[in-house]
Amino acid sequence: MTGQRSDARRNRAHILTVAKAEVAARGAQASLEQIARVAGVGSATVRRHFPTRKALLEAVFQQRVQALCDLAHTLSGQDDSRLALLKWLRELLAYSLDARGLADALSYEPLQDEAAPDSCAATIEAAGTPLLRRAIEDQAVRADTTIHDLLTLIVGIALATEHHTDPAVQAERVFQLSVDGFSLI
């Protein structure tokens with residue numbers, strides 16, 4: 001950004017502010033044309049700053065994703081590795097529900113090695129991996145569990161519950177069922 005003119009930096013910041021509001025209201029499918037209209041710029045200006053919908057969504061979620069990374073780092077020092085992992089996953093789920101569109105953005109990008117190294121998915125994966133690894137080492141989580149499994153679970157729960165009357169309550173219920181298992185045997 002430092003190479004941009006000051007008016008271009010202001011345009012980008014303004015477009016990003018409008019995009020955050022539009023994504024919060026409409027999710028990942030927020031119209032780029034609507035964002036341009038509300039921001040008072042042309043569609044080409046939006047696309048110059050954010051060449052793809054994915055690039056725009058990455059920018060919208062960047063700050064909150066960083067907060068999730070910071071939380072993972074903080075939790076890595078807790079004694080109970082299982083509780084640390086579960087707390088982080090709950091925060092990821094809560095944010096996925098709160099920031100409509102994050103789960104969609106993560107589901108656009110297969111959670112695998114081809115992910116761009118600075119993408120939301122790769123960043124979240126990198127933050128959660130040490131928590132999972134430690135829980136596996138402590139034998140608090142099944143050894144065959146992968147970070148991809150857990151992120152797929154969170155994305156699935158968020159997408160499946162986001163339109164419920166009270167998505168947070170339903171998401172927590174489904175999350176708890178998945179953690180506890182539903183079998184009485």
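How do the residues of the lining of the largest pocket divide into nonpolar, polar and charged? In this predicted model, nine are nonpolar, two are polar and four are charged.

**Largest pocket**
- The largest pocket holds about 440 Å³ of space.
- Its lining consists of 15 residues, of which Val141, Thr145, Leu150, Ser178 and Val179 are the closest to its centre.
- At least two lining residues come from each of H5, helix H8 (147–161) and H9.
- H5 supplies the largest share of the lining, with four residues.

**Packing of H5 and H9**
- Helix H5 spans residues 81–98 and helix H9 spans residues 167–180; the two pack at an angle of about 145 degrees, and their axes are 11 Å apart.
- Their crossing is right-handed.
- On the H5 side, the contact is made by Arg82, Leu86, Leu89, Arg90, Leu93 and Leu97.
- On the H9 side, Pro167, Ala168, Ala171, Glu172, Phe175, Gln176 and Val179 take part.
- By class, the residues of this contact are nine nonpolar, one polar and three charged.
- Val179 of H9 belongs to the contact with H5 and is also among the residues closest to the centre of the largest pocket.

**Salt bridges**
- There are six salt bridges in the structure.
- One of them joins the side chains of Glu22 and Arg26, with an N to O distance of 3.1 Å.
- Both Glu22 and Arg26 belong to helix H1 (residues 6–26), where they sit four residues apart, or about one turn of the helix.

Notes: Residues are numbered from 1 along each chain as its sequence is written. This is a predicted model: local features need pLDDT of at least 70, side-chain atom pairs count only at pLDDT 80 or more; totals for chains, interfaces and linings use all residues. Side-chain values use heavy atoms; hydrogens and water are left out. Axes are lines fitted to C-alpha atoms, for helices over the stretch in contact, and angles run from 0 to 180 degrees between N-to-C directions. A crossing is left-handed if the near helix is turned anticlockwise from the far one by less than a right angle, and right-handed if clockwise. Contact means heavy atoms within 4.5 Å. Ala, Val, Leu, Ile, Met, Phe, Trp, Tyr, Cys and Pro count as nonpolar, Asp, Glu, Lys and Arg as charged, and the others, Gly among them, as polar. On a 1 Å grid over the protein atoms alone, a cavity is a set of points where a 1.4 Å probe fits but cannot get out, and a pocket is an open set with protein on both sides within 12 Å along at least five of seven lines; lining residues have an atom within 4 Å of a point. Grid points are joined across faces, edges and corners, and a volume is the space filled by probe spheres set on the points. A salt bridge is a side-chain nitrogen of Lys or Arg within 4 Å of a carboxyl oxygen of Asp or Glu.
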